[in-house]
Amino acid sequence: MHILLFPSDEFGGQELPSDQVAGFVESQGLPTAGNGVTLMAKVKTNGPAIDPLWALAKSAFPGDINWNFDGIFLFDASGSPAGRYGPRDLPKVGAEIDRLIAACAA
């Protein structure tokens, strides 16, 4: 399993300058590199300049991303989008991750 973190300036300009994002994420107790986590560069999650990975995810689960933590997408072992979740769905995300890992082991 690998977690990709994508900052974006699309949501009210709330995102920190690029050179400050990693420090903020780490100050919240979250990793930014290593152990299956990578902090990516800022991207567009909506509109004509959308990042290709976000375009792929939204092709399977359509709809705009409305806030920084609104777009939680899971991909299966083959790289296909397997689910879309929002911040209120975090308990479901854990269960889906367990299911996807079990499917890989089977």
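The largest pocket is lined by 41 residues, and I3, L4, L5, F6 and I72 lie nearest its centre. A pocket here is an open set of points on a 1 Å grid over the protein atoms alone, where a 1.4 Å probe fits, with protein on both sides within 12 Å along at least five of seven lines; lining residues have an atom within 4 Å of a point. The model is predicted: local features need pLDDT of at least 70, side-chain atom pairs count only at pLDDT 80 or more, and totals for chains, interfaces and linings use all residues. Residues are numbered from 1 along each chain as its sequence is written, and side-chain values use heavy atoms, without hydrogens and water.

The space in the largest pocket is about 1500 Å³. At least two lining residues each come from β1 (3–5), α1 (18–27), β3 (37–39), α2 (52–60), β4 (72–75) and α3 (90–105). Helices (H or I, at least four residues) and strands (E, at least two) are DSSP runs. α3 gives the largest share, 6 residues. By class, the lining holds 32 nonpolar, 7 polar and 2 charged residues.

The largest nonpolar core has 7 residues: F6, F11, V43, W54, A57, I65 and F73. Such a core joins buried residues (under 20% relative accessible area, 1.4 Å probe, protein chains only) through side-chain atoms within 4.5 Å. Beyond its neighbours within four places in sequence, W54 is in contact (heavy atoms within 4.5 Å) with F6, V43, K44, T45, I65, G71 and F73.

N35 lies in the loop between β2 (33–34) and β3. N35 is not a glycine, yet its phi is positive, about 55 degrees. N35 counts as exposed (over 50%) because its relative accessibility is 83%.

Terms used:
Points joined across faces, edges and corners; volume = space filled by probe spheres on them. Nonpolar A, V, L, I, M, F, W, Y, C, P; charged D, E, K, R; others polar.
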